[in-house]
Structure formats: C-alpha cells, structure tokens
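Keep the sequence and the 3D view side by side.

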Amino acid sequence: MHDLLYHTFVQDGRLPFPHEISFSRHILPIFQRLGGLQWVNHAYAVQFGSGGRFNFLEENLLRQLANNSREAAATEVRLQIFNMFRDYERDGRAPMLWPWEYGDAMDVPPAPTPRQNLELSATQYQFLQKWSNGDFISDWDPAVTPANTLEAVPLFEQPEMLDKAALSFCLADAFHPGCELTWPMRHSTLYTSPFRVRHRDPKDPEPNYGSRLTQQMVLKPNGALYGQNPGALTRWMAVPWQTDTASCRSGYYAGYGPKYDPYVPTFWPARVPNHVLTEDDYNIAVDNSQPREKRIAAFARRAVWLRGLGKNYLDAIENMIDEFGKLGVVEVREGVANDPLLPDVMLVESKPGFSVPSPPLQGLMLLHLAEGTLESEESTAIAVSEAAEATGHAEEEFIVGPIDKIRRFRNIQ
C-alpha cells in the first residue's frame with residue numbers, strides 16, 4: 001500500500017520523482033518481495049527461492065544486479081530481468097510475466113483486458129527502466145543490516161518510517177476487491193497531503209446515496225472519494241471477508257479457467273498463503289542427523305494452506321468463517337547456516353488446529369482421461385473424484401487433460 005500511495009502522490013505532483021535512483025532504496029525492495037513470496041506460494045519458491053533461477057536474496061546475484069556498468073554484458077543481464085516484468089501495453093494478457101498475480105479485472109474465464117493480471121505501478125516500472133539502462137546509484141552493501149527498531153532509524157527519517165511501517169503491511173495489488181483496502185485508495189482526492197487521509201467534516205455528513213451507487217455519484221466532487229468518515233475506507237470490501245478470502249486462491253487449484261500453471265497466477269499470497277512449509281517438513285529440513293537428500297526434499301515440499309477447509313467449495317467458505325482461527329500462521333524460524341539450498345532463515349506454518357489435516361502436497365498426480373471424458377465438467381469431476389478415492393490423494397492434486405497438453409506442467413510425480 002505504501003508503494004501504491006507513493007505512486008499516487010508522484011503522479012499527482014505532490015511528491016517528486018527521485019532525482020537519482022538508488023539500487024538499495026528503489027530497486028532491491030522489488031526483487032526482495034519476489035523472493036519473500038517463496039514462503040507462501042510454491043511457484044515463487046521454485047523460481048525465486050533457495051536454489052531457484054532468480055534467487056534475489058543470493059549475494060552473488062545481487063552483486064551482479066547492483067553493478068551499474070553500461071558494458072554490454074551487464075546491460076543485457078539487467079534488460080533480461082526488466083523485460084520479465086509485465087507491461088500492459090506490450091504484453092498485458094500474458095500470464096507468464098512478473099509478478100504472477102491477478103489484477104483488478106480478473107474474471108473467469110479470463111477477461112478480454114490486460115488487467116486480468118497485475119503490473120507494477122508506473123512509478124516502480126520507471127525505476128526499473130532507469131535501472132536497466134544503468135542510470136542508478138550502485139549503493140548496495142551486503143554488510144549493512146537494515147534497522148529493526150525505530151530508534152535505529154535516523155531521527156529525521158523516523159516520521160516517514162512510521163508511515164512506511166503501517167502502509168507496507170497493508171496490501172494493494174489486485175483490488176478485486178482486495179484485502180484490507182481497495183480501489184478508492186488510488187484516488188488522490190482521498191488525501192489532504194501525502195499519506196494523510198482527508199477527513200469529512202462532521203458538520204457536512206455524507207449524503208444518502210440511495211439503493212444504487214453509480215460511477216457518476218462516486219466520482220463527483222465531495223462525493224465518496226473525498227472526505228472520509230470512520231469506517232469509510234473499508235466499506236467497499238467483501239462481507240463476510242472470510243468467504244472472499246477462502247475463494248481467492250491460486251493457479252490450477254483455484255479452478256480459474258485455463259490451466260496455465262498449478263500454482264500461479266495468485267491473489268494476495270503475502271496475506272492469504274497458497275502453499276506453505278509445514279512444521280513437520282521444517283523439522284526434517286533443519287535436522288542434521290537426517291540424510292541431506294531427505295532434508296532438501298522436505299524443504300522443497302509445500303502444503304496447501306487452506307487444506308483443512310474441505311474439498312467442497314460451499315463447505316470451504318463456511319468453514320473459513322467458523323474455523324478461521326484453526327489455520328496455521330506463517331512464522332519466522334531459524335534455518336540452516338552456510339547451505340546454498342537451505343536458507344538460514346525460514347518462514348514456517350505453525351501447526352494448524354484442524355484435527356485431520358490433509359497430507360502435504362508432494363507433487364501433482366497426472367490424470368490422463370480417455371477421449372471424450374473432458375467434454376463435460378460433470379464427467380471430468382466424476383473421474384477426478386474416483387481417482388482421488390482410489391489413490392488417497394486430494395482432488396486438487398490432479399492435473400487433468402489430454403496427455404499432450406499436460407506434459408508441460410512442472411513437478412509431476
């Protein structure tokens with residue numbers, strides 16, 4: 001949310017675009033967040049986690065990316081990574097571009113709009129564009145430890161840090177409708193100054209909008225996107241929020257149209273995890289007495305976070321309301337020192353409160369259905385149900401389709 005508001009104020013002219021782009025302040029946080037999502041989504045773990053192709057937390061790679069040389073080799077490395085980020089005008093509908101998250105207009109089947117998926121803010125994208133050209137300060141120092149208390153921040157930066165601390169832990173991303181807050185936060189009329197919400201004068205109460213709220217009514221001066229009463233920022237959200245949260249999953253498991261990938265795109269995994277490292281697998285991964293292959297395999301496994309809510313959709317959203325408190329919480333734990341495939345800090349799901357949790361996701365089961373089976377959703381669902389019952393696997397662990405199309409999926413056992 002801090003990124004979103006910062007972009008809003010830069011575009012509105014209330015904050016200046018930085019005179020110089022700093023690698024550590026403007027570029028590195030984007031890469032770090034991709035790496036951080038490894039703890040809540042399996043696809044992010046494979047690509048951006050330990051041992052992944054783009055482990056942006058790995059020192060040697062960061063040293064390369066922090067190099068602002070304009071020589072051909074260094075420039076090409078930056079350009080290749082820059083081109084992996086989605087640009088609506090260039091490749092808005094492509095699901096494989098970064099970030100692997102849904103956008104505001106996400107729909108099933110995919111909406112005929114580039115906003116089916118998410119792109120970075122225009123301000124962040126401009127940061128990356130300058131970085132790719134070598135137009136940035138190479139100020140990254142691996143020996144610097146970020147401040148972890150307010151007192152460790154220089155006094156003149158502490159007010160800004162308080163804003164950043166509050167807003168950085170609220171999500172923006174896909175306003176569909178979103179998690180804590182939603183699309184009105186993009187409108188500059190909502191603020192008196194950077195990071196300060198405009199208050200509605202108690203003597204000027206908001207009018208009764210009637211039974212139907214139109215776009216014209218929302219956007220008119222002094223309307224719903226201007227002064228705000230207590231509770232006005234969250235009134236646009238889903239009610240009850242638990243059912244919306246239980247519905248917004250990821251990739252193939254969510255059942256969202258074309259089966260591009262079993263794990264992505266996703267919605268807000270930082271707040272609503274998709275796949276997590278379980279406590280049991282964590283204990284194996286950090287146990288030096290276990291064979292190394294077993295430890296690495298345990299670390300690579302991820303369990304579906306919502307696995308205890310049940311397979312039926314209606315049961316799942318009802319259980320999310322009644323049993324939300326039984327879901328595990330992703331916590332920071334000590335990892336393994338000096339191991340390229342086992343990080344020294346791990347984020348681990350606390351033991352869920354569900355009495356009979358499903359087994360962790362070991363991989364994906366391949367279900368090659370006979371010709372004609374896929375002609376109806378009902379026949380496909382019956383085939384998957386029968387296969388799940390026969391094998392003891394959860395239905396969501398199956399990839400279904402003709403053999404020539406499902407070979408492209410990863411992690412198939």
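The cover over the buried residues of α14 includes α10 (241-247). This is a predicted model, with residues numbered from 1 along each chain as its sequence is written. Local features need pLDDT of at least 70, side-chain atom pairs count only at pLDDT 80 or more, totals for chains, interfaces and linings use all residues, and side-chain values use heavy atoms, without hydrogens and water.

Helices are DSSP runs (H or I, at least four residues), numbered from the N terminus. In α14, the buried residues are A316, I317 and M320. Seen down the axis of α14, they fall within an arc of 90°, so they line one face of the helix. That arc is taken from the directions from the helix axis to the C-beta atoms. Buried means under 20% relative accessible area, exposed over 50%, and partly exposed in between (1.4 Å probe, protein chains only).

On the other side of α14, L314 and D322 are exposed. L314 counts as exposed because its relative accessibility is 53%.

Now turn to another helix pair. The axes of α1 (residues 2-11) and α7 (residues 122-132) come within 8 Å and cross at roughly 85°. The two helices are therefore roughly perpendicular (65 to 115 degrees). Axes are lines fitted to C-alpha atoms over the stretch in contact, and angles run from 0 to 180 degrees between N-to-C directions. D3, Y6, H7, V10 and Q11 in α1 meet A122, T123, Q124 and F127 in α7, where contact means heavy atoms within 4.5 Å.

Technical notes:
Parallel < 35°, antiparallel > 145°, perpendicular 65-115°, else oblique.
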